[in-house]
Amino acid sequence: FKYNDFPEDCPLEPGLLNEDIDQLGDQDKIKFLYALLVKVQANSKEKINQLILDLELLLERKDELEAMYRAEEVSKMKIIGMTITGASINNSLVKLLMPEVVLVEEAAEILEPQLLVALTPNLKHLIMIGDHHQLPPQVNTYTLKKKYHFDTSMMQRLVENKLPFVQLTLQNRMRPEIAELLSDIYPNLKSNIARVGSIPLPKILANSSYFWSHSAEECSERSKSNPEEVDRALSLGLLLVTYGHKPTEITILCAYLGQTALMKHQLAKYMISFPGLVSKENQFIISTIDNYQGDEN
């Protein structure tokens, strides 16, 4: 008999197991087998559950021993670098290392719970480097973001609560007239003229920045895109290439993933139409603004 052959309302009679099966009628033999199967199943379940518990304990012990071994090796280093995700995954290792100083780069983009995981009880000095005016931590759940403010990093929260902090006042990356566009965000920002004053303008352009207006409406599906802006950006890029700039010197930043995808799709067509100007090995850098943060070209 298969276990599933027994009706659900078949009464369980454990006492039958003490009877001589040869002395039982056909119906009682079925009940006898049913009771036997239930007993075997129960015993097997207990054994399996115990084996699972034993395995979990062994795996936990194995992880502890591996963490201790790694901690012994890594503790010989003066500086240990990890991503914040790596610090979470290797939390047992971090606890064994017991760092007294933790330096966090791009701290304004890190979720506060993630950062807390990387902090140990014997921490003496936490250094957070970042810019709370730029990208906040990425939170995909609307409720966590709006109701519980998960998109506020520890760095931003401490700054907003008037904890003293140091802010850079001299920028070394962009021409001064571009930096002036940021004065509403960074009112005290100055330019290191000795360094950025000599950055050359792109060839054939008379100014550092242009605002190029149009009236073409954007498309909005999963993500927004605008074919008019795609054609303008790529055409301007090709114009700069014809006057001597390398395609890899030109970065096109898009506000939306949809615009980025459309830009790359159109660029593939441009490679066919203008094979001497752009190619797979030598093409424009196309990225969303968020993904390009921290880079420059």
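Predicted model: local features only at pLDDT ≥ 70, side-chain atom pairs only at ≥ 80, totals over all residues.
View 1. When residues up to four places away in sequence are set aside, Gln156 touches His132 and Asp151.

**View 2. Asn226 in the loop between β6 and α9.** The loop that holds Asn226 lies between β6 (224-225) and α9 (227-242). Asn226 has a relative accessible area of 4% and is buried, because this value is under 20%. A polar atom of the Asn226 side chain lies 3.0 Å from the backbone oxygen of Ala216. Apart from neighbours within four places in sequence, Asn226 is in contact with His214, Ala216, Glu217, Glu218, Gln259 and Leu262.

**View 3. The second largest pocket and its lining.** This pocket holds about 640 Å³ of space and is lined by 20 residues, with Ile80, Gly81, Val101, Val102 and Leu103 lying nearest its centre. At least two lining residues are supplied by each of α2 (84-89), α3 (91-97) and β1 (101-105), and the largest share, five residues, comes from β1. By residue class, the lining of the second largest pocket divides into 15 nonpolar, three polar and two charged residues.

Definitions and conventions:
Residues numbered from 1 in each chain as written. Heavy atoms only, no water. Contact = heavy atoms within 4.5 Å. Helix = DSSP H or I, 4+ residues; strand = E, 2+ residues; numbered from the N terminus. Buried < 20%, exposed > 50% of the residue type's maximum accessible area, 1.4 Å probe, protein only. Polar contact = N/O pair within 3.5 Å; in protein donor to acceptor, adjacent residues only side chain to side chain. 1 Å grid on protein atoms, 1.4 Å probe; cavity = no way out; pocket = protein on both sides within 12 Å on 5 of 7 lines; lining within 4 Å. Points joined across faces, edges and corners; volume = space filled by probe spheres on them. Nonpolar A, V, L, I, M, F, W, Y, C, P; charged D, E, K, R; others polar.
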